[in-house]
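Open the model in your viewer and keep the selection tool at hand. The tour goes stop by stop.

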Amino acid sequence: MQPIDWLILITYLVGSLVVGLWLSRRNKSEDDYFVAGRRLNGWLAGASMAATTFSVDTPLYVAGLVGVRGLAGNWEWWSFGVAHVAMAVVFAPLWRRSGVLTDAAFTELRYGGATAAWLRGLKAFLFALPINCIGIGYAFLAMAKVSEALGLASTPEQRLWLLGGIGLLVLVYTAAGGLWAVVVTDMLQLVLALAGAVAVAVAAVHAAGGMDAMLSSLRALDRPELLAMVPWQVQDGGLRWIDSAGISMGTFSAYIALQWWSFRRSDGGGEFIQRLLATRNEAEARKASWVFLGVNYLLRSWPWIVVALAAVVLLPDQTDWEQSYPLLAVKLLPPVALGLVVVSLVAAFMSTVSTAVNWGASYLTHDLYQRFIRPAASQRELLIMGQLASVLLVVLGVITALMSTSIGAVFRLVIAIGTGPGVVLVLRWFWWRINAAAELSAMLGGFLVGMATSVVPVLRIDDYGLRLMVTTLLTAVLWLVVLFSTPPESAEVLERFVRQVQPAGPGWRHWRQRTGVEPSETLLDLLSKLVLSCAVLFGGLMGIGGFLLHLQLWGWGGLVAAVLGCLGLWRRPALIARLR
């Protein structure tokens, strides 16, 4: 990097700090600090959600997937699109109506008694510390890889000082400004991150001789998985599985049919739920979810993938494909442009870490300290505890990063230890019989089984798909046994929940009749919107990629699916009326 690039980076870092400190004046209460006073509009909340998932690790993760497994490897994260569509059309208004501060606090709205309190405390502990710190850790790990590839820090000691400095800056503006500082800086960070991704993609394609030349070079490598949207191809009148993709049939089946609903984020996910709870109303919460869907899947997928494919052509001797993204940036971009891309990667890193820190601190402060230690704590005391919790989380995240080596491996570990409870998290909104004991057993069972099958040598299951299936099955057996061995929640708790949230579906019919509460939408309404919205999202995703990579069948097929989905959503009210 040239002096001008360093100047751009330092200017950005100082600017972020100033914004965070300036916004700290808005924090007068716990609500201000953790849910921005519930005053966010959908555009800002959705952009923040997208920026949060656009960490410095994600382009590296995608580059690693494509370099090793080809295009179809992206279904490891694309499959979560179904859950994110469900978040937009089903769960966003439900979460906003709940009015809680965290998803852990929601457990004592949905359930009652000592078991609900235990569930809230354990969920807050697990999400704030082991699970959250793993996420913070792999963001730091990715930043370490980027700093090495960019020449920002060539030795372990230099990387430690660099990460420590950036981590301290993130900590200061996050601890001072709370969620307001996070979401406002997220907007700028998202714009920078998207611009940086596009700049690297354009430069990489140009260096490869243009899109036509790059695609020709890829086809000449005898690696059919590189340009395969799915891990099979039509050959001799039949389908042939592409073994070189390194994706077993069980693993791909788990991506498509299991992972998205079995994972602990099946009804939203902690950081996303925090943004939904921070919006002004239900309409803004739904808008935020759709903004996230558009940015996360339709806008940013393909610049990352294009860079990853170009790296296969331009860096044929590369062994760590996760580093190919920053290596191409250094190799291809001139001064100033390189500085802006470096800023975009640092911005992506800061967005993810700041969100994880504020989100984790909300659990430690609201769901542990205030709920179990100091119920009468003043608002000032809670703000101080939130800031102290932020410091703890950054320190633990750095320690976690020092213990990791592979971004992809850490990502899969996060999925594994969070698999199992997803179906309970969905059912609790639609079936009155789900109780706190069932959710508690599903959460603990999924965590323990996922961890054991991932890291314990004698129990380890190397096939990723089989590991998820075993974890889901064993967890299901556990929570079903617990559910039918324990009593349901009290009538008082269930009636309170129905009045507050207005859940849909036949599973609540009896309780709606008792309370006189009608759902704002029927289950048929929600299911029809879910299916049609999935057609829009995945049709758009496949269509854009198909036309971009000259895969005409995928391009036109995706376009048709997206258009039919849009028409279906437009005509859906009339169709539902006829079915009724």
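**Stop 1: a bent helix**

Helix α11 has a kink of about 50° here, centred on Tyr255. Bear in mind that this is a predicted model.

Now widen the selection to residues 249–262, the whole of α11.

Next, colour α11 by burial. Which of its residues are buried? They are Thr251, Phe252, Ala254, Tyr255, Leu258, Gln259 and Ser262.

**Stop 2: the ring across from the kink residue**

The structure holds 30 aromatic pairs. Pick out Tyr255 with Tyr464, a tilted pair with 5.9 Å from centre to centre and 55° between the planes. Tyr255 belongs to helix α11 and Tyr464 to helix α21, residues 464–485. The two are 209 residues apart, so the pair links distant parts of the chain. Are these tyrosines buried or exposed? Both Tyr255 and Tyr464 are buried.

**Stop 3: charges over rings**

Select Arg110 and Phe497. The charged end of Arg110 sits over the Phe497 ring, 5.4 Å from its centre. Then move to Arg371 and Phe372. Arg371 lies over the face of Phe372, and the distance to the ring centre is 4.7 Å.

**Stop 4: salt bridges**

Show the charged side chains. The structure holds 20 salt bridges.

Begin with Lys123 and Glu439. Their side chains meet in a salt bridge, at 2.5 Å from N to O. Lys123 is in helix α8 (residues 113–150) and Glu439 in helix α20 (residues 436–455), so this pair ties together parts that are 316 residues apart in sequence. Lys123 and Glu439 are both buried.

Go on to Arg499 and Glu495. This salt bridge has an N to O distance of 4.0 Å. Both residues lie in helix α22 (residues 491–501); they are four residues apart, so about one helical turn separates them. Arg499 counts as partly exposed because its relative accessibility is 47%. Glu495 has a relative accessible area of 15%, so Glu495 is buried.

Now select Lys529 and Glu521. Their salt bridge brings the closest N and O atoms to 2.5 Å apart. Lys529 counts as buried, at 11% relative accessibility. Glu521 counts as buried too, at 17%.

**Stop 5: a hairpin**

Finish with strands. Select residues 232–235 for β1 and residues 238–241 for β2. Which way do these strands run relative to each other, and how many bridges join them? They run antiparallel, joined by four bridges. Then look at the turn. Two residues lie between the strands of this hairpin, and Asp236 takes a positive phi near 55°.

Key. Residues numbered from 1 in each chain as written. Predicted model: local features only at pLDDT ≥ 70, side-chain atom pairs only at ≥ 80, totals over all residues. Heavy atoms only, no water. Expected span 1.5 Å × (residues − 1). Bend = angle between axes of the 7 residues up to and from the residue. Buried < 20%, exposed > 50% of the residue type's maximum accessible area, 1.4 Å probe, protein only. Phe/Tyr/Trp six-rings, centres within 6.5 Å; stacked < 30°, edge-to-face > 60°. Lys NZ or Arg CZ within 6 Å of the ring centre and 35° of its normal. Pairing = 2+ DSSP bridges.
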